[in-house]
Amino acid sequence: MTSSKMPCANGKISVAPSILSADLWRLGEEVQTVQQAGADWLHVDIMDGHFVPNLSFGPSVVSSLKGKTDLPLDVHLMVEEPMLFIEPFARAGADLLTVHIEAKDEVVNALRFIKKCGVKTGVSIKPGTDPALLEPLTDLLDLVLVMSVNPGFGGQAFLPESEEQIKRVRSIIARSGRNIWLEVDGGINPQTAPLAVKAGADALVAGSAIFRAADPVLALKQIRQAAPDI
């Protein structure tokens, strides 16, 4: 299993619409709309009903998207035991798999297993988690995902303390000397996108602000226009 090329972490801000907020009855049409509007990645939130209270998608959703869209599939595992989920989602076609540092499974083992599966690696931190925990992991990472809301539900407001969290993560990445994406997920819209980018983000996940907008194409373009290039 090999992952397709993801956008470069330096240069243009990447926008990743989250299908958690899409109309699942029209998922293929919704994905085509955001792809044509200039989305860079497609964000897929996986919830197990334990790590977070909600349930979402299984590997079949990822496999149904693979090959039907040119967008890289950015799969976020909000699960207690990621080791059980990594191989099924890698086989389904994930281009990047992000696990939570707060999950039960040992994060180093999970990241190494993702690499073994030929997929790019990410680790996510919840609000309130100390970013210093990321420092020993940077050699294994392609991406850090900062949650700017408490995970588990779409449509939440961007937490103001997230700006400091993003800044601290950006400093850790800079000290590592590695080309690691810094992605931010939660409450991203035209008002909060510049806050996240100025704090150090180079990839933005947006769900409700795009898919639940009256005009998703315009909404995506407004987020990109609001976020200054790096």
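A residue is called buried here if its relative accessible area is under 20%. The views below are taken from a predicted model.

**View 1. Strand β2 and its cover.** Strand β2 is mostly covered, with six of its six residues buried. In a regular strand the side chains alternate between the two faces of the sheet.

**View 2. The whole sheet, with β2 at one edge.** Eight strands form an open sheet with parallel pairing, in the order β1-β8-β7-β6-β5-β4-β3-β2. Its edge strands, each of which pairs on one side only, are β1 (14–17) and β2 (42–47). From one strand to the next, the twist averages 25°.

View 3. Strand β3 (residues 73–78) runs parallel to strand β4 (residues 96–100), and four bridges join the two; Leu 77 has Val 99 of β4 as its bridge partner. Helix α4, made up of residues 107–116, lies across β4 and β5 (120–125) and runs at about 150° to β5.

**View 4. Two aromatic pairs.** Two aromatic pairs are found when the whole structure is searched. The ring centres of Trp 41 and Trp 181 lie 5.4 Å apart and the ring planes are at 70°, so this pair is edge-to-face. Trp 41 belongs to the loop between α1 (27–36) and β2, whereas Trp 181 belongs to strand β7 (residues 181–185), and the pair thus links distant parts of the chain, 140 residues apart. Both Trp 41 and Trp 181 are buried. In the pair of Phe 85 and Phe 89, the ring centres are 6.5 Å apart and the planes are at 15°, so the pair is stacked. Phe 85 counts as partly exposed because its relative accessibility is 23%, while Phe 89 counts as buried because its relative accessibility is 1%.

**View 5. A lysine over a phenylalanine ring.** The charged end of Lys 126 sits over the ring of Phe 51, at 4.4 Å from the centre of that ring.

Methods. Residues numbered from 1 in each chain as written. Predicted model: local features only at pLDDT ≥ 70, side-chain atom pairs only at ≥ 80, totals over all residues. Heavy atoms only, no water. Pairing = 2+ DSSP bridges. Axes fitted to C-alpha atoms, helices over the stretch in contact; angles between N-to-C directions. Contact = heavy atoms within 4.5 Å. Buried < 20%, exposed > 50% of the residue type's maximum accessible area, 1.4 Å probe, protein only. Phe/Tyr/Trp six-rings, centres within 6.5 Å; stacked < 30°, edge-to-face > 60°. Lys NZ or Arg CZ within 6 Å of the ring centre and 35° of its normal.
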